[in-house]
Amino acid sequence: MGSSDLVTGATVAVLLPHLKPTFVFLNTKVAQLTFLGFNRVMATVGDVFALIRDHRDVTRTEIGQLTGLSRTAVASRIGALTALGLVTEREQAPSTGGRPPTLLSFDAAAGVVVSVAVGISRTRLAVCNLAGEVLTITDIDQEVALGPDDLMPDVIKRLDVMLQDYPGDTVYGVGLSLPGTVDRERGYSRDSLILRGWDRVELRPYFQELERLSGVPVILDNDSNAIAVVEKQGHDDVLVIKASSGLGAGIVAGGVLQRGATEAAGEFGHNKIAAAQGLPCRCGDTGCVEAIAGGWAVVHALQQQGRTVRNLRDVVELAHGGDAEARRMIRDSGRYVGEVLAAAVNMLNPAVVVVAGDMADAFEIFVAGLRETLYGNATAQATRTLEVVPAAHGNRAGTVGGAMMVLDEVLSARAVDALAAPA
Ligand SMILES: [Zn+2]
């Protein structure tokens with residue numbers, strides 16, 4: 001394959017400097033071959049779509065240049081994409097001299113996806129457009145973690161109501177995230193330390209019961225991984241912490257989400273720490289960092305003091321209202337999390353630690369504690385340029401992540417090829 005391997009985004013960026021150099025499309029072997037003029041394999045409808053979705057606006061000529069396709073071939077692929085409603089073409093603002101070429105862009109309003117983020121104290125449902133932007137969002141607050149037969153029928157009923165606001169829209173897919181390890185293929189929670197009664201209960205059949213979602217792909221992943229999909233913040237090496245009722249992390253190393261050998265990477269909530277010694281954890285063991293720093297433990301400790309708090313969000317509200325005890329407990333939670341995180345930072349040397357989950361709503365307080373132990377315990381080399389930042393999507397990171405997770409699948413070049421293929 002020799003020279004074609006040398007074609008990189010950078011090469012193309014030099015040739016077509018006005019295009020944003022993301023080039024997901026040109027990282028495929030097919031595209032590299034066509035780009036070099038080896039028209040052995042031609043860019044498909046899906047490949048052209050990937051290019052348009054990746055760049056905001058692009059002209060037919062640019063598509064021809066990027067893919068090596070003839071004008072006629074470009075036209076037929078654009079025709080297929082406009083017929084699917086995924087691409088729109090519009091006139092540019094007139095400039096002096098000659099008629100400007102039309103611009104092709106991805107139509108994010110061509111359909112919707114559904115995002116379901118199952119949590120311990122809250123399950124969040126959303127309808128999003130094809131760019132992953134939230135159109136409608138609703139929460140199911142749970143006093144205690146519910147089993148699938150209690151929660152899922154409620155989820156489906158609410159989705160039915162939410163989707164009635166989008167009567168004509170094709171639902172492209174469902175992104176479903178859960179805490180703990182999941183079997184993505186079979187679509188269930190696996191060996192969960194937390195979600196009692198969910199292990200090995202197939203979740204896709206629940207969605208099939210709703211006509212609008214029948215036959216629609218349901219993509220399942222761990223909650224922290226879903227957040228990591230949209231919280232890389234432009235970096236290739238990132239640790240995304242979900243600090244909510246439970247604790248978990250999404251690990252991106254070298255630009256790739258790391259799932260681990262058994263999909264259990266990032267499950268740091270049950271790391272043992274000295275400060276939690278003897279404290280019972282909801283996983284059945286004692287001494288876990290969650291047992292002292294997880295949202296559920298913080299809530300429990302405050303309830304023991306006679307305070308009326310139902311969940312971590314109540315604690316965060318108290319902290320913002322100036323409650324000294326709530327502030328101390330959130331800062332301490334950050335301190336314990338930082339202690340465990342220091343080892344991960346030494347191992348992985350991330351550029352950024354992103355804090356997501358309900359604790360992110362008290363970012364300054366939580367991170368004051370986290371910085372203390374993180375910088376105190378990790379090496380200077382690993383922390384010299386390390387940044388700790390809040391999730392860009394705030395407390396909607398899991399929702400947007402769930403939507404993007406399914407969009408990357410249902411709008412992939414391969415999936416769009418299948419949509420465009422004559423039945
Ligand atoms: Zn535990």
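**Entry 1: the β10–β11 pair and its sheet**

I started with strand β10, residues 238-243, and strand β11, residues 247-253. Six bridges join the two strands, and they run antiparallel. I note here that the model is a predicted one.

Next I traced the sheet around this pair. It is open and has five strands, in the order β12-β11-β10-β13-β14. The pairing in this sheet is mixed. Which strands stand at the edges? I found β12 and β14, the latter at 387-390. Each has a single partner strand, so one side of each is left without a neighbour in the sheet. From one strand to the next, the twist averages 25°.

I then looked for what crosses this sheet. Helix α8 lies across β10, β11, β12 and β13, with β13 at 352-356. The helix runs at about 45° to β11.

**Entry 2**

I read its order as β5-β4-β3-β6-β9, five strands with mixed pairing. The edge strands are β5 (134-141) and β9 (218-222), and each pairs on one side only. The twist in this sheet averages 15° from one strand to the next.

I checked how β9 is held in place in the order. Strand β6, residues 171-178, is joined to β9 by five bridges, and the two run parallel. One position I looked up was Leu176, whose bridge partner in β9 is Leu220. Helix α6, residues 148-163, packs on the sheet. It touches β3 (112-117), β4 (122-129), β5 and β6. The direction of α6 makes about 30° with that of β4.

**Entry 3: α4 against α5**

I turned to a helix pair. Helix α4 covers residues 60-67 and helix α5 residues 71-84. Their axes come within 10 Å and cross at roughly 110°. That makes α4 roughly perpendicular to α5. The crossing is right-handed.

Which residues make the contact? From α4 I listed Arg60, Ile63 and Gly64. From α5 I listed Arg71, Val74 and Ile78. By class, the contact residues divide into three nonpolar, one polar and two charged.

I stayed with Ile78, which has its place in helix α5. Is Ile78 buried or exposed? I found 20 other C-beta atoms within 10 Å, so Ile78 counts as buried. The cut-off for buried is 20 or more. Leaving aside neighbours within four places in sequence, I found Ile78 in contact with Arg60, Val87 and Leu104.

**Entry 4: burial of α3 and of the chain**

I looked at helix α3, residues 45-54, for burial. Nine of its ten residues are buried, so the helix is largely enclosed by the rest of the structure. The buried ones are Val45, Gly46, Asp47, Val48, Phe49, Ala50, Leu51, Ile52 and Arg53. I note that Asp47 and Arg53 are on that list.

The chain has 423 residues, of which 45% count as buried. It holds 16 helices and 14 strands. Of the contacts with a separation of 6 or more, 63% are between residues 24 or more positions apart.

**Entry 5: positive phi**

Last, I looked up backbone angles. Most residues other than glycine have a negative phi. I noted two residues with positive values.

Asp191 has phi near 50°. I placed Asp191 in the loop between β8 (188-189) and α7 (204-208). With 14 C-beta neighbours inside 10 Å, Asp191 counts as partly exposed.

Glu263 has phi near 65°. Where does Glu263 lie? I placed Glu263 in the loop between β12 (256-258) and α9 (290-293). I found 18 other C-beta atoms within 10 Å of Glu263, so this residue is partly exposed.

Technical notes. Residues are numbered from 1 along each chain as its sequence is written. This is a predicted model: local features need pLDDT of at least 70, side-chain atom pairs count only at pLDDT 80 or more; totals for chains, interfaces and linings use all residues. Helices (H or I, at least four residues) and strands (E, at least two) are DSSP runs, numbered from the N terminus. A residue is buried if 20 or more other C-beta atoms lie within 10 Å of its own, exposed if 12 or fewer, and partly exposed in between; C-beta atoms are placed from the backbone. Two residues are in contact if their C-beta atoms, placed from the backbone, lie within 7 Å. Two strands pair if DSSP finds at least two bridges between them. Axes are lines fitted to C-alpha atoms, for helices over the stretch in contact, and angles run from 0 to 180 degrees between N-to-C directions. Angles under 35 degrees count as roughly parallel, over 145 as roughly antiparallel, 65 to 115 as roughly perpendicular and the rest as oblique. A crossing is left-handed if the near helix is turned anticlockwise from the far one by less than a right angle, and right-handed if clockwise. Ala, Val, Leu, Ile, Met, Phe, Trp, Tyr, Cys and Pro count as nonpolar, Asp, Glu, Lys and Arg as charged, and the others, Gly among them, as polar.
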